[in-house]
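Dear colleague,

Please find the structure below, together with its sequence. My notes on what was found in it follow directly after.

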Amino acid sequence: MTKPAISVRHLWHRYGALEVLRDVSFEVAPGEIFGFIGPNGAGKTTTIRVMATLLEPTAGRVEIDGIDAALDPDAVRRIIGYMPDHAGVYERITVREFLEFFADAYGIPELGVVDAVIELTELTKLEGRLVATLSKGMKQRLQIARTLLHDPKVLVLDEPASDLDPRARIEVRDLLLELRELGKTIFLSSHILTELSDVCTSVGILEGGQLVVSGPIGEIAQRLASQHESRAAADRAVTRVDVPATLEAPAPFAPGTPQLPSDGAATSWASPAAAPDLGPGAGVTAGGVAIPETTRKRLKLRVLGESQPIVPMLAGGSGVLGVEAGPGGLIVLNYVGGDQYVAEVVRYLVTSGVGVVTVEPERNELERIFLEVTRGELT
Amino acid sequence: MSAQTGTASLPPPESMRGLARVRLRVAGLFRDPNPVWMRELRASARLQRTPVVLAVTTGMMTLLICSVGGLASIDSEPAKVGVWLYHTFFSLAFTLVAWMGPAMAATSIAAERSGGTWEALELTGLGAPAIARGKLLGALTYVVMYLVMLAPVGGLPFLFGGVTALEVLLAFVLLGAASILSVTFGLAMSSMFSSPALAILVTLLVSIPASIAAYLGLGVGLSFAANNLWHGVLAGPPVWLPTAYTRADFGIEYVTLLVLVPAVFVALPAWLFHEITVSNMAAPSDDRSTRLRVWTLVTGPFLTATAVACGVALNDDAWFVAGEIGLFCTWLFVAFLFTGEPLGPSARVQAAWQREGAGAGRRFLGPGVMPASALLLILVFGSFAALLVAAWLTLKTPDDYQGVLAIGGYAVSFLVFVTGFAAWARARSRGAGVPRIVLLGVLFLAFVGPWIAMAITGAFMDDRAPLVAAPSPLYAFELRKVMLGTGPERTLAVFAGGVACFSWTLIGLGLFAMAGVGVERRRAEERALKAKLEASIPPEAPHAEPG
């Protein structure tokens, strides 16, 4: 097993009598972008401060690249780049002077490092500008540049995209992806879940000082789905209701008998189980068992030509909760299943002679996971 | 190497011994200056108001000096005008340094905290001492810039006569020393706050009255004492010290009072303020104690030596008593300082000690309220013993010595109590704030309470007076007075004083022992909690390197 870049094991922290972290454990592998999510007051910043050697934990261990953060802070500081939430800048110096100062403070032995970092973070045009005149996004970029000066293995970024406009967020996101390409391990805390799902390879969700779930997003979703399946199975055993096969296992897509709405207009169809509302969180099975949000998914397909004739082809298929047709060849499929299922649907359509132009899975998986595993509790 | 100055590192010399090492270090100061200082200078250079403020200050000072000179020259000879101008200018310059220096330094560290730049700076690995040094140099540069701008105006008095060029130069040197003191004080205050506004406010609330007291006490007040010793020094004018260097007769008194005492009174507080700054800038889990403990360890012998030197040089029991009062106040302050000690070293500090193979001496000087209190007790006994032995060897009459002994003995016993009480109070609380406030309250009660009790019971006029007043440390002065006399009241006063001293010592040692037990118990509780929480940690799985 490869040595993790970050290892947090049974971390506890108390401020006086207030317990802010309770047995938090997770690992981040080298080269990962790990998203750390949690409501306000969940203990994210405390965890990050322990990782950044700014706080000694009450109990537990945090190791960065195998070095104990509490016992050898100097060694850890050499290998991490930390950007605190709402980090400040020195306003009355220029961008270059700012980076030169930190290069000296880090004791970097080469003069060219500042130039390299300016180039990497695309601050070349701004290097002569006073920091005070920079936009928030540029200041954030400058902060990231600052964390890169000593070539750290691990970047710990606390809310790097907070207060940024959409363009700046996209720029920061792209920069993070670029840094990942360079082999950096990035630990990222953020409230913006869609943004995290765009860049993170795995996540950890903290609530009430406890880590409720951690791992790759897909794996977590799969795990939660399995849990729901077990629960659903238990419910079946007790209530003896009929549950569609789709909830028993993530079965591959298989076409069923085409079903048409009573009015004959094939513009939309919804399974009786999910009717009348196909919106998130409202679905129930035929047996009355709620279909959890994490397992209900939406897929947008764009096909050549009219989409209405396609609706009956998909309706009634295994795992299909509903199909809607839209203008311009748009089809929205509500289903239960994984990536394999999507592949089966596409293959079925293609082999049936339908020209599939785009396939766009809905990208709120992380939001759904977050909502499901947290309860909005504070420590 | 410095990216800020664009200078590359010097190649290492062939030998790193002796002169080569010194030369490399000196070269490093210029080629690799403190990065914080460099940044402060760059930022200050961009501050548009700096030259305006400098020009306005210089202009106003020039106008003021010209006005004073003009008024004084109406009916005074030029030499007297020169003296007038000299005292006026340096009094104003002292005010500028004493008020502006701390106020400017006070924003320095607090602004890093409020501006959200502190953590980034802390994690660079530069270290609190280097950051504090950079801040000190930055603030000092700013103050020195004012002094340089004012130098031509300060040179005017010399042209009128009455003061020599050397006296003007010495006054500027002393202003520089005052600048160091005021800036280090401002930085120490700044390191305690997160809000620059609050830091400035509190700093000025302390520094303005303190500077006025220093001006009147050490300036005007001491000029009379200096005139008694050296008639060439004028009695009354406040800026007497620079003139004393050229006008006093050279001898042991000169060396003691004009060289040793000012050096100690500037260097030790400045060093203390610097160490307080460094300590406050370090993280709570870091070693914030050793440097302060080293200061205490060095200050003890230095202050004792100064007190002994003053007493021996002037061969006067009053100087020995003054030395005792100085030592008493210093140790009282140190007791307050040590109340801020943690109960013991953090896991981080212990790991660092283990890594570096720290010996027992270093661990004794590390974090922990009990070793700190033990050190204080050692220093209290040692310093007073040295002073009393010197007094015994120097003073001619036994009565004089007994007066010094009375005050010294009482001071030691009361300091034992204070040390024990401070340790006990710290052992029972989570932080340093409550024990300090409680200690302050206890000191107030101990000093003033017995006298209030005496006033309430009306015991002033009868034989019971010593018995009621004896618990107050101020009673030591009464004791010294009665030591000179004879008769039954002397016996009663000495008996009451002896009982008070014995009681303070006994209570102090008892509290010290209780503090030791309390600290051990709390440390054991902390260890037990940590062990309980970590009990669930499974043994670490081995990680294989990739490939």
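Helix α1(A) is followed by Thr53(A), whose phi is positive, near 70°. Helices and strands here are DSSP runs (H or I over at least four residues for helices, E over at least two for strands), numbered from the N terminus. Eight of the eight residues of α1(A), which spans 44-51, are buried, so this helix is largely enclosed by the rest of the structure. A residue counts as buried if 20 or more other C-beta atoms lie within 10 Å of its own, as exposed if 12 or fewer do, and as partly exposed in between, with C-beta atoms placed from the backbone. The buried residues of α1(A) include Lys44(A), Arg49(A) and Met51(A).

This is a predicted model, in which local features need pLDDT of at least 70 and side-chain atom pairs count only at pLDDT 80 or more, while totals for chains, interfaces and linings use all residues. Residues are numbered from 1 along each chain as its sequence is written, and chains are lettered from A and ligands numbered from 1 in the order in which they are written.

Confidence

The model scores ipTM 0.84 and pTM 0.81. For chain B the mean pLDDT (the predictor's confidence in each residue, from 0 to 100) is 88, and 93% of the residues reach 70 or more. In residues 543-547 of chain B, however, the pLDDT is below 50, and this stretch has six contacts in the model beyond near neighbours in sequence. Two residues are in contact if their C-beta atoms, placed from the backbone, lie within 7 Å. Where pLDDT is low, the predicted coordinates should not be read in detail.

The sheet of chain A

Six strands of chain A form an open sheet with mixed pairing, in the order β6-β7-β8-β3-β9-β10. Strands β6 and β10 (210-216) of chain A stand at the edges with a single partner strand each, so one side of each has no neighbour in the sheet. On average, neighbouring strands are turned by 15° against each other, direction ignored. Two strands are taken to pair if DSSP finds at least two bridges between them.

β6(A) pairs with β7 (residues 154-158) of chain A in the parallel sense over four bridges, and Tyr82(A) has Val156(A) as its bridge partner in β7(A). β7(A) in turn runs parallel to β8 (residues 185-189) of chain A, joined by five bridges; Leu155(A) stands opposite Ile186(A) in β8(A).

Both faces of β6(A) (residues 80-83) are covered: Ile80(A) and Tyr82(A) are buried on one side, Gly81(A) and Met83(A) on the other. Helix α5 (residues 136-148) of chain A lies across β6 and β7 of chain A, at about 155° to β6(A). Helix α6 (residues 166-181) of chain A lies across β3 (33-37), β7 and β8 of chain A, at about 150° to β8(A). For these angles, axes are lines fitted to C-alpha atoms, for helices over the stretch in contact, and values run from 0 to 180 degrees between N-to-C directions.

Two residues with positive phi

Asp23(A), which is not a glycine, has a positive phi near 55° and lies in strand β2 (residues 18-28) of chain A. His86(A), in the loop between β6 and α3 of chain A, has a positive phi of about 50° although it is not a glycine. With 9 C-beta neighbours inside 10 Å, His86(A) counts as exposed.

Nonpolar cores

The largest nonpolar core has 141 residues, and Val156(A) and Phe187(A) have the most contacts inside it. Such a core is a set of buried Ala, Val, Leu, Ile, Met, Phe, Trp, Tyr and Cys residues joined through C-beta atoms within 7 Å. Helix α4 (residues 78-114) of chain B gives the most to this core, with 17 residues.

Chain B and its contact with chain A

Chain B has 21 helices and zero strands, and 41% of its 547 residues are buried. The contact takes 38 residues from chain B and 41 residues from chain A. On the side of chain B that touches chain A, α2(B) provides the largest share, four residues. The buried residues of α2(B) pack against α3 (95-106) of chain A together with α6 (128-154) of chain B.

Yours sincerely
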